[in-house]
Amino acid sequence: PELGDYAARLLAGGMRIRTETLELDVIIGDAQLTLPEWSGKADAWFLDGFSPARNPELWSPEIMQAVAKHTAPSGTFATYTAAGHVRRALVEAGFSVSRTTGYGKKRHMSTGFLP
């Protein structure tokens, strides 16, 4: 119940939360359409577009280029996927990328930063 206001705002189409140490923007919609229109810069991304095999359009080089364009200097990313084509697209977009040990049942994941 104490999160009811946040849940209602999120369900209404997005949310913006600002505290002394956090700025969170939740944007609802197709990333192919919403990401290019977003004017912000992220310090950190959690890239979770479901499986690249099931949802390849969210892991395209064009989306990774848009992610890089909207990343602050030294910004970071993490994602559960370790798919080679996703890591290559992130490198081509300008990120330094590492394949690391995953969480839970995931053997590997990817992390990185924009130098």
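Residues are numbered from 1 along each chain as its sequence is written, and side-chain values use heavy atoms, with hydrogens and water left out. Because the model is predicted, local features need pLDDT of at least 70 and side-chain atom pairs count only at pLDDT 80 or more, whereas totals for chains, interfaces and linings use all residues.

Helices (H or I, at least four residues) and strands (E, at least two) are DSSP runs, numbered from the N terminus. Four strands form an open sheet in the order E3-E4-E6-E5, with mixed pairing; two strands pair if DSSP finds at least two bridges between them. E3 and strand E5 (96-101) are the edge strands, each pairing on one side only. On average, neighbouring strands of this sheet are turned by 15° against each other, direction ignored. Angles run from 0 to 180 degrees between N-to-C directions, and axes are lines fitted to C-alpha atoms, for helices over the stretch in contact.

E5 and strand E6 (residues 108-113) run antiparallel and are joined by six bridges. Within this pair, serine 98 stands opposite threonine 111 in E6, and arginine 99 stands opposite serine 110 in E6. In a regular strand the side chains alternate between the two faces of the sheet. The hairpin formed by E5 and E6 has six residues between the strands, and glycine 104 in the turn has a positive phi of about 60°. Helix H4 lies across E3, E4, E5 and E6, running at about 150° to E5.

The largest nonpolar core holds 18 residues, of which Trp45, Leu47, Met64, Val67, Leu90 and Phe95 touch the most other members. Such a core is a set of buried Ala, Val, Leu, Ile, Met, Phe, Trp, Tyr and Cys residues joined through side-chain atoms within 4.5 Å. Strand E3 (42-47), helix H3 (61-69) and helix H4 (84-92) each supply at least two residues of this core, and the largest share, five residues, comes from H3. The buried residues of H3 are Ile63, Met64, Ala66, Val67 and Ala68; buried means under 20% relative accessible area, exposed over 50%, and partly exposed in between (1.4 Å probe, protein chains only). These buried residues of H3 pack against helix H2 (31-37), E3, E4 and H4.

Leucine 47 is in contact (heavy atoms within 4.5 Å) with Trp59, Met64, Val67, Phe77, Ala78, Thr79, Tyr80 and Leu90, leaving aside its neighbours within four places in sequence. Threonine 79 is placed in strand E4 (residues 71-79) and counts as buried because its relative accessibility is 1%. A polar atom of the side chain of threonine 79 lies 2.7 Å from the backbone oxygen of leucine 47. Not counting residues up to four places away in sequence, threonine 79 touches Phe46, Leu47, Trp59, Met109 and Ser110.

Histidine 70 occupies the loop between H3 and E4 and counts as buried, because its relative accessibility is 5%. A polar atom of its side chain lies 3.0 Å from the backbone oxygen of glycine 40. Residues touched by histidine 70, not counting those up to four places away in sequence, are Leu35, Pro36, Trp38, Gly40, Lys41, Ala42 and Trp45.

Glycine 13 lies in the loop between helix H1 (4-11) and strand E1 (14-18). At 45% relative accessibility, glycine 13 counts as partly exposed.

Notes. A polar contact is a pair of N or O atoms within 3.5 Å; within protein, one must be able to donate a hydrogen and the other to accept it, and residues adjacent in sequence count only if both atoms are side-chain atoms.
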